[in-house]
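Subject: Two-chain model for you to look at

Hello,

Here is the structure I promised to pass on. Please open it first, then read my notes below.

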Amino acid sequence: MSRVIVVTSGKGGVGKTTTSASFSTGLALKGYKVAVIDFDVGLRNLDLIMGCERRVVYDFVNVVQGEAKLQQALIKDKRVDNLYILAASQTRDKDALTQEGVGRVIEELKEEAGFDYIVCDSPAGIEKGAQLALYFADEALIVTNPEVSSVRDSDRILGILQAKSKRSENGESAIVEHLVLTRYNPARVEAGEMLSVEDVIDLLNVKLLGVTPESQDVLNASNAGSPVIMEANSLAAQAYTDIVNRFLGEEVEQRFINVEKKGLFSKLFGK
Amino acid sequence: MALLDYLLGQRKKKSANLAKDRLQILLAHERSDRNAPDYLPQLREEILAVIAKYVEIDQDKLQISVDEANGFEVLELNLVLPENH
């Protein structure tokens, strides 16, 4: 049975697209058939983060509007089997997406194309694009930075998830919410300068899926057009791999929450 | 001086605690607004109109909210009358 997962946050720049790219890649690496859809019409970026920007011929809006077939618009990832990207339109405005049209495409991805997971990369804000990205969701990754405005906006998005989704309107069981806390810096938390993971869980009342550490690898990976989860030896990659495994039901202990105690060896030679 | 800074630092509230305190208040407030029934603004207007027939009041002095207490929904009206009416 296929599941629709929205990656959302309210606030921009907290790591939605980074998370969408790595999460969908991680699921595909596990052998699932995954489609990842960019809902940010007019400001598409998922194609760039996933390194397929020059292979976009038809996009999500073309399919919604019936100008292209789904198979023509799905871009097959070059690195990972079973991973497909549906780019947003760069030229149209956000009104090009309709609830009926988006619903039809998601249904086709589920039923005819047989995808196991459909990951919806939401735009920032709470307007139409963001509302459509979450409307059909079964589960949600709430991407939050340990910072006041991000926490506030996440709370707002949680309210919309609970009130304005297809599941809530039909009186079905609620969307399953998962917190993904990004750009976490345990040293600053220890110094009392950053909200702790417990603080954020407490404030938002959402179950923690995982924490990703602030990492330079994220920028390097986006420069190269490769999801950060593919970077060997990267802590961010390990964090996203944990997140995927926990999402799939594995018991994985939380990491990257505490300051790493440096041993004598790494003090002398390491970074 | 480091010792002095350290001792003084203990007294000053850490910024993360400030953030949490502010968010706790703000989110509680915003959540109650979000869960408020749709008819509340209209109800407020009509109540204000009735009261205005008898006393002169400031529009902002009427607070109205729906809360839940002990399993009951409670409609709470709070109005401060002017000093010499």
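A salt bridge is a side-chain nitrogen of Lys or Arg within 4 Å of a carboxyl oxygen of Asp or Glu. A:D155 and B:R31 form one through their side chains, at 2.6 Å from N to O.

Some ground rules. This is a predicted model, in which local features need pLDDT of at least 70 and side-chain atom pairs pLDDT 80 or more, while totals for chains, interfaces and linings use all residues. Residues are numbered from 1 along each chain as its sequence is written, chains are lettered from A and ligands numbered from 1 in the order in which they are written, and side-chain values use heavy atoms, without hydrogens and water.

**Where the chains meet**

Contact means heavy atoms within 4.5 Å. By that rule, 15 residues of chain A touch 12 residues of chain B. The two chains bury about 1300 Å² between them. Buried area is the accessible area (1.4 Å probe) that two parts lose on being put together, summed over both. Carbon and sulfur atoms carry 56% of it. Which three residues of chain A supply more of its buried area than any other three? They are A:R152, A:D155 and A:L203, with 42% of what chain A buries against chain B.

Four salt bridges cross this interface. One of them joins A:D199 to B:K20, with the closest N and O atoms 3.4 Å apart. This pair runs from helix α10 of chain A to helix α2 of chain B. (Helices are DSSP runs of H or I, at least four residues; strands are runs of E, at least two; both are numbered from the N terminus.) Both A:D199 and B:K20 are buried. Buried means under 20% relative accessible area, exposed over 50%, and partly exposed in between (1.4 Å probe, protein chains only). Shared partners link A:D199, A:D202 and B:K20 into one salt-bridge network.

**Chain B**

Chain B has three helices and two strands, in the order α-α-α-β-β. Of its 85 residues, 14% are buried.

Look at helix α2 (residues 15–35) of chain B. Its 21 residues should span 30 Å at 1.5 Å a residue, and its end C-alpha atoms are 30 Å apart, which agrees. (The expected span is 1.5 Å times one less than the number of residues.) Its buried residues are B:A16, B:A19, B:K20, B:L23 and B:L27. They fall within an arc of 90° seen down the axis, so they line one face of the helix. The arc is that of the directions from the helix axis to the C-beta atoms. On the other side, B:R22, B:I25 and B:D33 are exposed. The cover over the buried residues includes α7 (148–163) and α10 (197–204) of chain A.

Next, the strands. Two strands pair if DSSP finds at least two bridges between them. β1 (residues 62–69) and β2 (residues 72–79) of chain B run antiparallel, joined by eight bridges. They form a hairpin with two residues between them, and B:N70 in the turn has a positive phi of about 50°.

**Chain A**

Chain A holds an open sheet of eight strands, ordered β3-β4-β2-β5-β1-β6-β7-β8, with mixed pairing. β3 (75–76) and β8 (208–213) each have a single partner strand, so one side of each is left without a neighbour in the sheet.

Finally, A:K30 and A:E250 meet in a salt bridge of 3.4 Å, N to O. Both sit in loops, so the pair ties together parts that are 220 residues apart in sequence.

Best wishes
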